[in-house]
Amino acid sequence: MLDVKMIRQNQAEMKQRLATRGVDPAEIDHLVELDEARRDQIAVSENLKQKRNEVSKQIATLKRSKGDATDLIAEMREVGAQVKQVDEKLAELNEQVQYIVVRLPNLPDASIPVGPDESANHEERKIGTPREFAFTPKPHWEIGENLDILDFERGAKVAGSRFLFYKGLGAKLERAVYNFMLDEHEKEGYTEMITPYMVNDDSMFGTGQFPKFRADVFSTVTDDKEMTMIPTAEVPLTNYYRGEILDEAQLPVYFTALSPSFRSEAGSAGRDTRGLIRLHQFNKVEMVKYVKPEESFNELEKMTANAENILQKLELPYHVITLSTGDMGFSAAKTYDLEVWIPAQETYREISSCSNCLDFQARRAQIRYRDGEGKVHLLHTLNGSGLAVGRTVAAILENYQNADGSVTVPKVLIPYMRGVEKITK
RNA sequence: GGAGAGUUGGCAGAGUGGUAAUGCAACGGACUCGAAAUCCGUCGAACCGGCUUAUACCGGCGCGCAGGUUCAAAUCCUGUACUCUCCUCCA
């Protein structure tokens, strides 16, 4: 959420920068108008309340000295009615202002490319060289099905499309991958967490998914209580400190967690219908940071390096891109995507997304810190995948496949596979 | 699922209709070579509005949250969240 006061004081710049994210400048004009009306109404309300407070004190004094306050009470009855009326109007204006402001995306950082969509993304660096195959590489779902380690058919029968079973060494590989990731992040100073996998609306609001993106999630209703299946562990990890004021000395805080992520994938019908790329439920190791504002961009570089470290140790080719204004997520000011090489598709596919949200989430979730002078400030939050586990397994299966259909286990994972060096039929 | 108790400032803790005691902590000062102790003073989170370059200042709000009653609500009423205890159930 953006600061309305800041928008008001920098209207022209805000309109221009938000326009690069698809916000109609007229909406900002409307917001500023409503805010003006809101502040006028606050002044009216507060004047009335001041009067009420003053006269109420007189009434109290009179009553204590057994005086007659009938006239004053009659007068105050009128003031009370006015306050009620003014406050109703104020609540309405507040709601209108909030309606707009909670749906505005974060301000894009000045360093990112401006453009309508992914075509404007900028490649920062390319690491590793895609392997030359002496045979036609198979897609990972074929490899997995042939080896009997991935079962999409039964996933569809038991749950539906975009669900699967991992089986035998497939399940072991998935577990090896995320255990490896968690161990690496632990070395980098992240505290490992196991979070709730269902959250309330306040949490979904805090990180920016709600109210705008309700269609993207799965929710459950029990006894009229609605909960949301987390679309990413970013939600519980970032809401961990919701509504709290941390001490400056606590910062930075680094969290990591493995969790399933549940996504409805509404609007992506027909895309990536096969394999591990786009599922309703997938595992992901997430990284979240709470940092002081002046450090957030440096921390973004470090977090991205932490995600890259995983790919490098797995010896998977990838590149890093900076998302353009049009391709970036709602809460982010700057995002690096890591895309891993998928041989069968001869292309790079997203496997991690690391974002600096500045104070956008902190303002929504009211997460603050107290500095050395005792002053309270919003802090900055970052989140990144480190990495999407299912897509990592897909990349391993495809990049490490052999002509005979077997898959060599990446060196760093062998200890996590209890010594298994190759997955064969 | 049933029954009961609770939620007040950084912490402890009073307050059952008249506008948030008190203690500790914190901050400033005195004393001291310095510190402790003591004494004096200040401050009760955060937030919002006004006025400001910014402080300051003025006002509002503020007793888990949301409503209601009232001239006036921490206090009365309704709903709700969470915590604790007991029963039930359960991994």
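**Strand pairing, salt bridges and a surface patch**

Strand β14 (residues 368-370) is joined to β15 by 3 bridges, and the two run antiparallel. Strands here are DSSP runs (E, at least two residues) and helices are H or I runs of at least four, numbered from the N terminus; two strands pair if DSSP finds at least two bridges between them. The model is a predicted one, in which local features need pLDDT of at least 70 and side-chain atom pairs count only at pLDDT 80 or more, while totals for chains, interfaces and linings use all residues. Residues are numbered from 1 along each chain as its sequence is written, chains are lettered from A and ligands numbered from 1 in the order in which they are written, and side-chain values use heavy atoms, leaving out hydrogens and water.

The open sheet holds 3 strands in the order β8-β14-β15, with mixed pairing. Its edges are β8 (245-247) and β15 (376-378); each has a single partner strand, so one side of each is left without a neighbour in the sheet. From one strand to the next, the twist averages 35° (axes are lines fitted to C-alpha atoms, for helices over the stretch in contact, and angles run from 0 to 180 degrees between N-to-C directions).

Salt bridges come next. With a side-chain nitrogen of Lys or Arg required within 4 Å of a carboxyl oxygen of Asp or Glu, the count comes to 23. E299 takes part in a salt bridge with K289, their closest N and O atoms being 2.7 Å apart. This pair links distant parts of the chain, with E299 in helix α10 (residues 296-313) and K289 in strand β10 (residues 281-291), 10 residues apart. Both residues are buried, where buried means under 20% relative accessible area, exposed over 50%, and partly exposed in between (1.4 Å probe, protein chains only). E299 also forms a salt bridge with K302, at 3.6 Å between the closest N and O atoms. These two lie 3 residues apart in helix α10, and are therefore separated by about one helical turn. The relative accessible area of E299 is 4%, whereas K302, at 38%, counts as partly exposed. Elsewhere, a network of salt bridges links R8, D35, E36, R38 and R39.

Finally, M229 in strand β7 (residues 225-229) touches residues including Y197, M198 and F262, not counting residues up to four places away in sequence; contact means heavy atoms within 4.5 Å. M198 belongs to strand β5 (residues 198-199) and is partly exposed at 37% relative accessible area.
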